[in-house]
Amino acid sequence: MFIKTFFCILIFLTFLSSCSVLNLAYCVKAREDFSVFSESEAQIAVEAAEDKILTCYQAASNAANSGANVSVLLLILDEAGTLYSRAQLAYQNGDFNSATSLANLSVEKLSNFVDDANLLEQEASKQQFMDFLALAASAVATMLVLFASAIAWIVLNRTPRKVKAT
Amino acid sequence: MNLFERRILLILISGILILLVASPVLTRLLVFPRTEFFTEFWVLDSNHGTKDYPFNVTLTHDYNVFLGIANHLGYCAYYSVEVKFRNQTQSAPDRFNHASSSLPALFNISAFVADEGALEQPLTLSFAYQYNESLSRVEFSSLKLNGNELDLNTMITRDKENGFPGFLFFELWIYNGTSNSFQYHNRFLSLKLDMTV
């Protein structure tokens, strides 16, 4: 009888402890999923997203000015801009959790953006230099052909004509 | 071959050679310089035309339009389109004084457009409103734009033509890198809508 009671209590205690462990795990998960952000945290996140977008726009603009094809970069910027707009809207509506997560997503989208833009800019600068060399070579070659043609013209006109024997 | 023929031959050969060698330079030089720098801004109906803009608006019905921007400014531009809504009496953008509406933006659409590039975005709109029979006016609660619910605290009273006209308009702003701020780009598009009650 005593042993039976002991085992019953043991099983009950085991059940209780497992329940509490599960409950704790659920609480931790819930906290992760529904983390609460304050207004100031959301504001910081939204401002960070804005700064990041401006920095990336400047990098893309510099690359474009160097002659790089920035269409892919601009698509990424557009996506980040859409997320940022939604973050702004969520912030205005007082939904600080959505505002923070959307702003963070926007920043994530642009994580390697500046490096990619700089790489494109360098490649475009190299290409520009090669184009300049080709242009310079073309100009020099044109001058040479003109010069050679002028000499040929002079030589042609100085060629002594055969005098027919009378 | 006489001297005249030799001269002709020399001129021909020289001309062809010069054209061949100078072609890379000529392709750069023989391009008309750009003298006009501007931005195109358009709104089209759901068929990509201009005949079927939404006008008679019914409650919670979805309406589709296309909003487009084409950049001819000579540099990669960062635009922001401010979406606004007004009734008959509220502030409208002024085309002659180059002034934007004083109403706050309901939503901002960011657009990054490369030089000589264009961007077009589909917009899906629906309005939530109710008719206040005693005051004979339409009271808005929200505007749904591409799934984003925008707070629309405005009302429209009956006009002379027995309708309830509202104006959904889009103002184009451009980022100025010198002043580090957005400036009104003197362009707006307006859709006149009549709320069916």
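Is A:Thr100 buried or exposed? Keep in mind that what you're looking at is a predicted model. With a relative accessible area of 3%, A:Thr100 counts as buried, because anything under 20% does. You'll find this threonine in helix α4 of chain A, the stretch covering residues 96-109. Setting aside neighbours within four places in sequence, the residues in contact with A:Thr100 are A:Phe37, A:Glu41, A:Ala42 and A:Ala45.

Helix α2 of chain A runs over residues 39-65 and helix α3 of chain A over residues 71-92, and the two pack with their axes 10 Å apart at an angle of about 160°. Angles over 145 degrees count as roughly antiparallel, so that is how α2(A) and α3(A) are arranged relative to each other. The crossing of α2(A) past α3(A) is left-handed.

So who meets whom here? From α2(A) come A:Glu39, A:Ala42, A:Gln43, A:Val46, A:Ala49, A:Glu50, A:Ile53, A:Cys56, A:Tyr57 and A:Ala60. On the α3(A) side they meet A:Leu74, A:Leu77, A:Ala80, A:Gly81, A:Tyr84, A:Ala87, A:Gln88 and A:Tyr91.

A:Cys56 is buried, with a relative accessible area of 0%. Over in chain B, B:Cys76 is buried as well, with a relative accessible area of 2%. How many disulfides are there over all chains? The count comes to zero. A disulfide is a covalent bond between the sulfur atoms of two cysteines. For A:Cys56, the closest cysteine sulfur is the one in B:Cys76, and at 12 Å that is too far for a bond, because the two sulfurs would have to be within 2.5 Å. Looking from the other end, B:Cys76 has the sulfur of A:Cys56 as its closest, again 12 Å away and too far for a bond.

While we're in chain B, let's stop at a residue in another setting. B:Leu30 sits in the loop between α1 (3-29) and β1 (38-44) of chain B. This leucine is exposed, with a relative accessible area of 68%. From B:Leu30 to B:Asn153 is 123 residues along the sequence, and their C-alpha atoms are 57 Å apart in space.

Key:
Residues numbered from 1 in each chain as written. Chains lettered and ligands numbered in written order. Predicted model: local features only at pLDDT ≥ 70, side-chain atom pairs only at ≥ 80, totals over all residues. Heavy atoms only, no water. Helix = DSSP H or I, 4+ residues; strand = E, 2+ residues; numbered from the N terminus. Buried < 20%, exposed > 50% of the residue type's maximum accessible area, 1.4 Å probe, protein only. Contact = heavy atoms within 4.5 Å. Axes fitted to C-alpha atoms, helices over the stretch in contact; angles between N-to-C directions. Parallel < 35°, antiparallel > 145°, perpendicular 65-115°, else oblique. Left-handed = near helix turned anticlockwise from the far one by under 90°.
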